[in-house]
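Open the model in your viewer and keep the sequence panel beside it. Each stop below says what to select and what is there.

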Amino acid sequence: MRRPLAVAGIAVALLGAATPAAAAPAGPVAVTMNRSSMAGLLGDRVPVQATVANTGSAATGRLVAHLDVVSLHEDVYVDPEDWSADRSIDVGPLDPGGRSTVAWTLRYVDAGEFDVYVVVLPTAPSTGADPLAVSPAVRLAVASRQTLDPGGSLLVVIVVPVLVGLLGAGTRLRRQTRQRRRSSS
C-alpha cells in the first residue's frame, strides 16, 4: 500500500521538478519555492518557503498549501510527519495578482536524497481546469551525522573494565584484611 503512494509522490515531484522554479503552472494558482536545493546534516532544522500566487483574473477561494517529502531511493521509508509537524497551512483568498508566502520548518530525520514539494488545493470544490497546483521540487541532500568518535574507543573498552575489576579486587582485599584483624583481636 505504501509503495504505490511513494511512487505517486515521486511522480508528482518529478513532474514539478521538470518545470523551472520561476515558471507558473497552468491554471489560476502558481506555486514557487524559495530555493531549488538544500544540503545539511541529519538532525538539522531548516526553513522552507513557498510562494502561492493567483495568476488568474478572479479572486481565489481559501486554499490549503500541503508540504510533502519523498525519498529518491526506494529503500528509504519517509514519514512526512517526522520531517514537519504542521504540513498543511491555510492560505486566505488571493486577489488577482495576489501572493502569499507560506513557511515550514523541516527537520532532517533520514540520510539520503529527497525531494520536497508543495501542493496547493482549494478548500471548496473547484470548477476550474486545474484544481491543484504543484511546486517545483526542492532537492535535499542529507548527510548522516557521526555522533560518536570511534578513535580511542578500544582503549576505553579495555581500560574501564580493568579499572572496575581492580577497584572491586581492592575493596575485597580490604574487607578480608579487616576480617582477619577482627579475628585475631
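**Before you start**

This is a predicted model, in which local features need pLDDT of at least 70 and side-chain atom pairs count only at pLDDT 80 or more, while totals for chains, interfaces and linings use all residues. Residues are numbered from 1 along each chain as its sequence is written, and side-chain values use heavy atoms, with hydrogens and water left out.

**Stop 1: the whole chain**

Show the cartoon. The protein has three helices and nine strands; helices (H or I, at least four residues) and strands (E, at least two) are DSSP runs, numbered from the N terminus. Along the sequence their pattern is α-β-β-β-β-α-β-β-β-β-β-α. Of the 185 residues, 28% count as buried. Buried means under 20% relative accessible area, exposed over 50%, and partly exposed in between (1.4 Å probe, protein chains only).

**Stop 2**

Select residues 37–41, which are strand β2. Met38 and Gly40 make up its covered face, whereas Ser37, Ala39 and Leu41 make up the uncovered one. Strands pair if DSSP finds at least two bridges between them. Look across from Gly40 to find Val142 in β9.

**Stop 3: the loop between α2 and β5**

Select Ser84, in the loop between α2 (80–83) and β5 (88–91). Is Ser84 buried or exposed? Ser84 is buried, with a relative accessible area of 5%. Apart from neighbours within four places in sequence, Ser84 is in contact (heavy atoms within 4.5 Å) with Leu67, Trp104, Thr105 and Leu106.

Move on to Ala85, in the loop between α2 and β5. Ala85 counts as exposed, at 72% relative accessibility. Its C-alpha atom is separated by 8.5 Å from that of Thr105, 20 residues apart along the chain.

**Stop 4: salt bridges**

The whole structure holds three salt bridges. The term means a side-chain nitrogen of Lys or Arg within 4 Å of a carboxyl oxygen of Asp or Glu.

Select Arg87 and Asp68, which form a salt bridge with the closest N and O atoms 3.9 Å apart. Arg87 lies in the loop between α2 and β5 and Asp68 in strand β4 (residues 63–71), so the pair ties together parts that are 19 residues apart in sequence. Arg87 counts as buried at 14% relative accessibility, and Asp68 counts as buried at 17%.

Next, select Asp115 and Arg139, whose salt bridge has its closest N and O atoms 2.7 Å apart. This pair links distant parts of the chain, with Asp115 in strand β7 (residues 112–122) and Arg139 in strand β9, 24 residues apart. Asp115 is buried, at 1% relative accessible area, while Arg139 is partly exposed, at 34%.

**Stop 5: helix α3**

Finish with residues 153–184, helix α3. How many of the 32 residues of α3 are buried? The number is zero, so the helix lies largely in the open. One of its residues is Val159, which counts as partly exposed at 34% relative accessibility.
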